[in-house]
Amino acid sequence: MGSTNRGVVYMGPGKVEVQSIEYPELALGDRKCDHGVILKVVTTNICGSDQHMVRGRTTAPSGLVLGHEITGLVIECGRDVEFIKPGDLVSVPFNIACGRCRNCKEGKTGICLNVNPARPGAAYGYVDMGGWGGGQTEYVMVPYADFNLLKFPDADQAMEKIRDLTLLSDIFPTGFHGCVTAGVGPGSTVYIAGAGPVGLAAAVSAHLLGAACVIVGDMIEDRLAQARSFGCETIDLTQEGDMADRIEAILGEREVDAFVDCVGFEAHACGCNHGKEAPATVLNSAMALTRAGGQIGIPGLYVTEDPGAADDAAKQGALSMRFGLGWAKSHSLHTGQCPVMKYHRPLMQAILFGKVNIADAINVQMINLDQAPQGYADFDGGAAKKFVIDPHGSVAA
């Protein structure tokens, strides 16, 4: 076991660096963390949510160690850890959850009441989410290990599918959650807003849930091509045209059964105005394009503070929504973090038994830790890839 550690550190808007950082301890401040483990990180992913911080669109402080999508090998266990052992290969849900509070006991692990003094819910390496260290590192500490960690049944088998299994910490369950909360099921027609990694994961999930037609909208052709590669219809949002007309051209109907917002608060207008931010445009489109009585899943991130917003209201998270339309159409809108533990085991099974090839669908690209800053830059430039960091060179090319 080493005593050195390196990680990806947010240095300010537009800048990340790989730096030497402290080796993790089984401690929470001044007290021991007997329920925690230390992991040697096998894979850790760059997330679109990380990009919001790196662009300077949150109140994230410089010096924050980034990363909340973690898969690792257990190398040390606290005294009170009973069911996880050194040598276990595990997936770490990005939500940190105590397993003891009312919300955790109800399965609402994204809004645990005990792991963040500021508000419900916590995550590794993320602004306003409890101050927990990030996991784009060589080593990381994970608390409440028995409750949080998903152990892979066979480590060798898992390493053969690690490009897929690394996505269980966030992106795959998040896309799946978006579809579940949008009511996607056999025969559904679905519109997915955004063809970034979460949007593509949602599109894969819609197919897995039995959707009849999955339509994906985005402004980057490479991402739309990636969606088409596994059977999605696509709409180029840089082109002019009424969205209902374009959906009708595909479905023969002007509305969909289910709508999933995988864009969030940095949304842009469509058509000739596609270079202009319009933070509520996806939400308003969702209400316009979803059938009466339909459901809208919103895994896309919305924040309470956006210092880079175009107007004062949006800086406080206040968006101009045509909510009366959604009310009139009896829509159900589902927001918030995905409770990863609700989904990660069945999605693991779908991967291990070959029912889904999520890594190919979202175009996973493996990089090493030193390539992480370039990975952030490429992702921000619209690359149709999901960048997965391999800190120790553990994953075979």
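What does Glu 255 count as, judged by its relative accessibility?

Modeller: Happy to! This is a predicted model, so local features need pLDDT of at least 70 and side-chain atom pairs count only at pLDDT 80 or more, while totals for chains, interfaces and linings use all residues. Residues are numbered from 1 along each chain as its sequence is written, and side-chain values use heavy atoms, leaving out hydrogens and water.

Glu 255 counts as partly exposed, because its relative accessibility is 30% (buried means under 20% relative accessible area, exposed over 50%, partly exposed in between, with a 1.4 Å probe and protein chains only). Its side chain meets that of Lys 329 in a salt bridge, 2.8 Å from N to O (a side-chain nitrogen of Lys or Arg within 4 Å of a carboxyl oxygen of Asp or Glu). This pair links distant parts of the chain, 74 residues apart: Glu 255 sits in the loop between α9 (243-251) and β14 (256-261), and Lys 329 in the loop between α12 and β16 (332-334). Helices (H or I, at least four residues) and strands (E, at least two) are DSSP runs, numbered from the N terminus.

Now for helix α12. This helix covers residues 323-328 and holds Trp 327, which is exposed, with a relative accessible area of 67%.

For comparison, consider salt bridges elsewhere. The count comes to 20, and one of these pairs is Arg 79 with Asp 34, at 3.1 Å, N to O. Arg 79 lies in the loop between β7 (70-77) and β8 (89-92) and Asp 34 in the loop between β4 (31-32) and β5 (37-45), so this bridge ties together parts that are 45 residues apart in sequence. Here Arg 79 is exposed, with a relative accessible area of 65%, whereas Asp 34 is buried at 14%. Finally, a network of salt bridges links Arg 55, Arg 57, Glu 266, Asp 306 and Asp 380.
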